Amino acid sequence: MKLPQSFTSSMRELLGTEYEEYLACFDEPSARGLRVNTSKISVEDFLKLTPFALEPIPWTKNGFYYSEDDAVTKHPHYYAGLYYIQEPSAMIPASRLPVEPGDWVLDLCAAPGGKATELAVRLGENGLLAANDISNSRAKGLLKNLELFGCGNMLVLSESPEKLLEYFEECFDKILIDAPCSGEGMFRREPSMIKSWENRGPEYYAGIQREILRCAVKLLRPGGKLLYSTCTFSEIENEQTILRLLDGSPDMMLIPMKGYESFSKSRLPHCIRVYPHKVRGEGHFAALLQKEGTTCGCQTKETTPKNLRKSGIQKTETQKFPADFLEFLAQIPRLKNRLGQMKIRRNRIYLMPEHLPDMSSLRFLRTGLLMGECVRNRFEPSQALAMWLTKDDFPQTLSLASDDDRAIRYLKGESVALTEEEAHLKKGWVLVCTDGYPLGWAKAAGGMLKNKYYPGWRVQ
Ligand SMILES: C[S@@+](CC[C@H](N)C(=O)[O-])C[C@H]1O[C@@H](n2cnc3c(N)ncnc32)[C@H](O)[C@@H]1O
């Protein structure tokens with residue numbers, strides 16, 4: 001692999017005597033990782049269920065190394081949202097941002113959702129995850145991954161950080177900025193990054209990063225915490241960007257985060273550098289900062305953030321829901337008391353997060369959980385709802401073993417023939433599961449299940 005000369009000389013300067021060791025790691029293969037979705041399954045239960053040989057990643061509780069590449073990405077458990085495939089070092093940033101249930105969390109550069117999916121898990125069902133990416137096409141992938149993970153209390157946006165400021169000034173308790181960067185830490189895993197580095201290097205990205213951080217500081221509540229990460233080694237994009245932020249915002253300070261013995265020190269206090277010759281993972285940088293002041297931490301208290309007050313919180317209007325939807329809803333005890341939070345927009349019904357501002361001029365892809373669509377007075381539940389539910393939430397379920405061929409055939413969009421033992425299923429909606437974890441919807445009729453798996457997610 002041919003590395004650019006200006007890159008190698010700055011690495012030589014940065015690493016000193018470790019430089020040769022760093023170069024040697026290019027002959028080693030990259031490690032592969034998966035992260036368990038602990039909102040659907042505990043790590044313990046997952047390890048009992050999964051057919052794959054896994055080895056713990058030492059710096060996270062729910063991350064594991066795997067080796068059988070194809071099988072892991074094509075297994076029914078993947079389509080049940082039980083895990084996310086993620087580069088092992090990329091698991092560090094979300095695991096170091098101390099998200100608490102009820103927080104308002106913003107992932108400002110979130111696509112395709114590697115970190116946002118973990119933030120959603122740690123947030124739980126209260127509070128809000130706003131996941132944003134300036135690229136609309138990438139934000140579509142982000143939405144899919146959040147839905148696959150079963151996240152409902154979310155806002156998926158595709159906006160510039162500057163625009164978000166008009167709506168959400170000092171609104172967020174926690175912010176993650178996994179910044180666009182020159183990607184030096186990924187050269188081994190994705191050699192194509194070298195070419196893009198030659199076209200757009202650290203100086204180009206430092207300008208973008210500083211503008212993103214400038215807005216992020218204003219989006220953070222007093223007392224709130226912000227985690228900045230990159231997958232590059234360049235000091236210009238890491239330490240110098242943080243120093244610039246501290247210079248311009250005297251109310252921000254660096255604070256400690258949980259380390260690991262093989263992480264390396266940065267020249268700034270408390271920041272983490274991760275090198276591929278020291279850990280089984282690629283290169284990363286992370287800094288955790290806090291804003292002075294105290295945070296109320298809960299949007300339901302009277303101290304609604306000033307900008308939400310300015311732009312006006314969305315009003316809950318009394319809405320008339322179709323009878324077929326109400327009948328469907330009555331089957332799900334977990335949703336029974338939440339009708340007041342539901343909203344119909346162009347035939348689609350959403351379970352809305354609480355206290356949202358009026359966002360009419362923001363580019364958003366999703367507000368809350370899409371419950372489904374009303375077509376000619378008939379309610380069709382959504383794929384997102386299937387992923388949000390557990391097997392016990394719905395009265396009619398069919399659980400296919402993950403090694404039953406029908407599980408993959410269902411994911412390909414085929415009808416499912418029922419066995420004699422399964423023939424008791426009544427005509428109507430069935431939540432299809434694999435090993436007890438929802439995959440999607442089907443409709444039972446005459447000994448068969450008509451496939452209602454979302455066509456856009458079908459396995460090829
Ligand atoms: C390193 S990637 C994020 C990866 C993501 N956090 C994950 O874990 O899957 C950086 C992202 O920043 C987005 N981006 C670039 N400029 C941005 C900006 N000014 N505001 C918001 N997002 C931006 C890119 O589209 C890209 O998806």
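**Close-up views of a predicted model**

**View 1. Strands β1 and β3 pair in the antiparallel sense.** In this predicted model, strand β1 covers residues 32-36 and strand β3 covers residues 63-66, and four bridges link the two. Leu 34 has Phe 64 of β3 as its bridge partner. As background, the strands of a sheet pair through backbone hydrogen bonds, and the pairing is either parallel or antiparallel.

**View 2. β1 and β3 belong to an open sheet of four strands.** The strand order is β2-β3-β1-β4, and the pairing is antiparallel. β2 (55-56) and β4 (83-85) are at the edges; each has a single partner strand, so one side of each is left without a neighbour in the sheet.

**View 3. Eighteen residues, written 18 in the count, surround the ligand.** The closest are Cys 109, Gly 114, Ile 134, Asp 178 and Pro 180. Helix α7 (114-123) and helix α11 each supply at least two residues of the shell around the ligand. Sorted by class, this shell has 10 nonpolar, four polar and four charged residues.

**View 4. Helix α11 packs against helix α12.** A pair of packed helices is described by the angle between the axes and the distance between them. Here α11 (residues 202-219) and α12 (residues 239-248) pack at an angle of about 35 degrees, and their axes are 10 Å apart. The crossing of α11 past α12 is right-handed. On the α11 side, the contact is made by Ala 206, Gln 209, Arg 210, Leu 213 and Val 217. On the α12 side, Thr 241, Arg 244 and Leu 245 take part. By class, the contact has four nonpolar, two polar and two charged residues.

View 5. Strand β17 (residues 369-375) runs antiparallel to β18 and is joined to β18 by four bridges. Glu 373 stands opposite Glu 380 in β18.

**View 6. Domain 1 and domain 2 are in contact.** The domain assignment of the protein chain places domain 1 at 310-386 and domain 2 at 390-457. Their C-alpha centres lie 25 Å apart. Domain 1 gives six residues to the contact, and domain 2 gives 10 residues. The side of domain 1 that touches domain 2 has, by class, three nonpolar, two polar and one charged residues.

Definitions and conventions: Residues numbered from 1 in each chain as written. Predicted model: local features only at pLDDT ≥ 70, side-chain atom pairs only at ≥ 80, totals over all residues. Axes fitted to C-alpha atoms, helices over the stretch in contact; angles between N-to-C directions. Left-handed = near helix turned anticlockwise from the far one by under 90°. Contact = placed C-beta atoms within 7 Å. Nonpolar A, V, L, I, M, F, W, Y, C, P; charged D, E, K, R; others polar. Near = placed C-beta within 6 Å. Pairing = 2+ DSSP bridges. Domains from an automatic or database assignment.
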